[in-house]
Each structure stands twice: as C-alpha cells, then as structure tokens.
Amino acid sequence: QVQLLESGGGSVQAGGSRRLSCVVSGKVYITCKMYWYRQAPGKERELISTITDSSTTYVDNVKGRFTVSRNSAQSTLYLQMNSLTTEDTAVYSCAADLQLRSNRPICDKFWGQGTQVTVSS
C-alpha cells in the first residue's frame with residue numbers, strides 16, 4: 001500500500017525558513033510527477049510546485065523563495081521555503097502521480113495528509 005507522509009511543518013517567524021519533506025512508502029514502479037499544494041484558512045487549495053525528471057514549476061507567489069527537490073530514488077520530496085511571510089501560513093500537502101505496476105502504464109494520484117506551517121509576524 002502506497003502512502004505519502006509529510007513532515008517538517010511547524011511555527012516560524014516571518015523572514016525565516018522551513019524545509020518540508022514528503023516520504024513515499026510502498027512499492028512504486030515509476031514516479032511520474034510530484035506536487036506540493038497548500039491550503040490557507042478560508043481559501044481554496046493551491047498548487048504551488050511540481051517536479052518531474054526534466055522540470056520544476058512554481059506558482060508566481062513562491063518563485064525565488066521556495067525550492068522543490070527530491071532524492072535520487074524519488075522516494076522523498078522536499079520543499080525548501082525561505083523568506084516566509086504570514087501569507088505562507090497554510091496546510092502543505094504533497095501528492096504524487098505513481099505508476100505502481102509495469103503492466104499497468106497508468107499514473108494514479110496519491111495524497112499525503114498535510115502538515116501545518118504557521119508564519120507569525
């Protein structure tokens with residue numbers, strides 16, 4: 001059974017940094033794409049970053065401050081967050097499109113439970 005588990009959330013002062021991790025456990029054949037989302041209080045969930053073998057993307061309001069990466073085994077996803085502001089306060093969730101079997105070439109999406117990041121002024 002595949003699971004995604006985030007860690008690294010917590011409280012931080014504005015201007016500070018935080019590094020989130022997302023560990024993928026279970027048997028995975030191919031990691032197609034990985035994502036970081038966030039949902040601030042009273043707002044819709046927002047896609048903030050993606051990563052594939054060949055590219056990374058960021059939403060405009062985190063560009064230059066956040067960096068997405070993953071380990072060589074593609075089993076752990078990271079989000080380095082710098083220059084945090086109160087606007088970054090949210091529940092951060094990872095997701096991944098995973099192909100679980102070689103004979104089923106479809107990438108299904110899996111989600112983590114989320115981790116709270118609170119930025120105080």
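Mentor: Along the sequence, the pattern of the protein reads β-β-β-β-β-β-β-β-β-β-β. The model is predicted.

Trainee: How many helices and how many strands stand behind that pattern?

Mentor: The protein has zero helices and eleven strands.

Trainee: What makes the radius of gyration agree with a compact globule?

Mentor: The rule is 2.2 Å times the number of residues to the power 0.38. For 121 residues a compact globule would come out near 14 Å, and the protein has 14 Å, so the two agree. Take the spans too: along its principal axes, the C-alpha trace covers about 50 × 25 × 25 Å.

Trainee: What share of the residues counts as buried, and how much surface is exposed?

Mentor: Of the 121 residues, 40% count as buried.

Trainee: How much of the contact count comes from residues 24 or more positions apart?

Mentor: Such pairs account for 56% of the contacts with a separation of 6 or more.

Trainee: Now the interior. What makes a set of residues a nonpolar core?

Mentor: The members must be buried, of nonpolar type such as Leu, Phe or Trp, and joined through side-chain atoms within 4.5 Å. The largest such core here has 25 residues. Those with the most contacts inside it are Leu4, Trp36, Phe66, Leu77, Leu79, Met81 and Tyr92. Several strands give two or more residues to this core, among them strand 3 (18-25), strand 4 (30-39), strand 8 (76-81) and strand 9 (90-99). Strand 9 supplies the largest share, five residues.

Trainee: Which residues does Leu4 touch?

Mentor: Leaving out residues up to four places away in sequence, Leu4 touches Cys22, Val23, Val24, Cys94, Ala95, Ala96, Leu98, Phe110, Trp111, Gly112 and Gln113.

Trainee: Leu79 is also on the core list. Why is Leu79 called buried?

Mentor: Buried means under 20% relative accessible area. Leu79 has 0%, so the label holds. Leu79 is found in strand 8. Among its contacts beyond four places in sequence are Arg18, Leu20, Trp36, Ile48, Phe66 and Tyr92. Ser21 is 58 residues away in sequence, yet the C-alpha atoms of Leu79 and Ser21 are 6.5 Å apart.

Trainee: How do you know that Gln99 is buried?

Mentor: The relative accessible area of Gln99 is 8%, so Gln99 counts as buried. Its place is in strand 9. Beyond four places in sequence, Gln99 is in contact with Val28, Tyr29, Ile30, Cys32, Arg104, Pro105, Ile106 and Cys107.

Trainee: And Val12: buried or exposed?

Mentor: Buried, because Val12 has a relative accessible area of 12%. Val12 sits in strand 2 (residues 10-13). Its contacts beyond four places in sequence are Ser17, Leu84, Thr118, Val119 and Ser120. Gly114 is 102 residues away along the chain, and the C-alpha atoms of Val12 and Gly114 are separated by 17 Å.

Trainee: What makes the phi of Gln74 worth a look?

Mentor: Most residues other than glycine have a negative phi. Phi of Gln74 is near 60°, a positive value. Gln74 is in the loop between strand 7 and strand 8.

Trainee: Why is Gln74 called buried, when Gln74 is in a loop?

Mentor: The label rests on relative accessibility. The cut-off is under 20%. Gln74 has 19%, so Gln74 counts as buried.

Trainee: Where is Ser83, and what is its phi?

Mentor: Ser83 is in the loop between strand 8 and strand 9. Its phi is near 50°, again a positive value in a residue other than glycine.

Trainee: Why is Ser83 called partly exposed?

Mentor: Exposed needs over 50%, and buried needs under 20%. Ser83 has 42% relative accessibility, so Ser83 counts as partly exposed.

Trainee: What makes Ser55 partly exposed?

Mentor: Ser55 has 34% relative accessibility, so the label is partly exposed. Ser55 is found in the loop between strand 5 and strand 6 (56-58). Ser72 is 17 residues away along the chain, with 15 Å between the C-alpha atoms of Ser55 and Ser72.

Terms used:
Residues are numbered from 1 along each chain as its sequence is written. This is a predicted model: local features need pLDDT of at least 70, side-chain atom pairs count only at pLDDT 80 or more; totals for chains, interfaces and linings use all residues. Side-chain values use heavy atoms; hydrogens and water are left out. Buried means under 20% relative accessible area, exposed over 50%, partly exposed in between (1.4 Å probe, protein chains only). Helices (H or I, at least four residues) and strands (E, at least two) are DSSP runs, numbered from the N terminus. Contact means heavy atoms within 4.5 Å.
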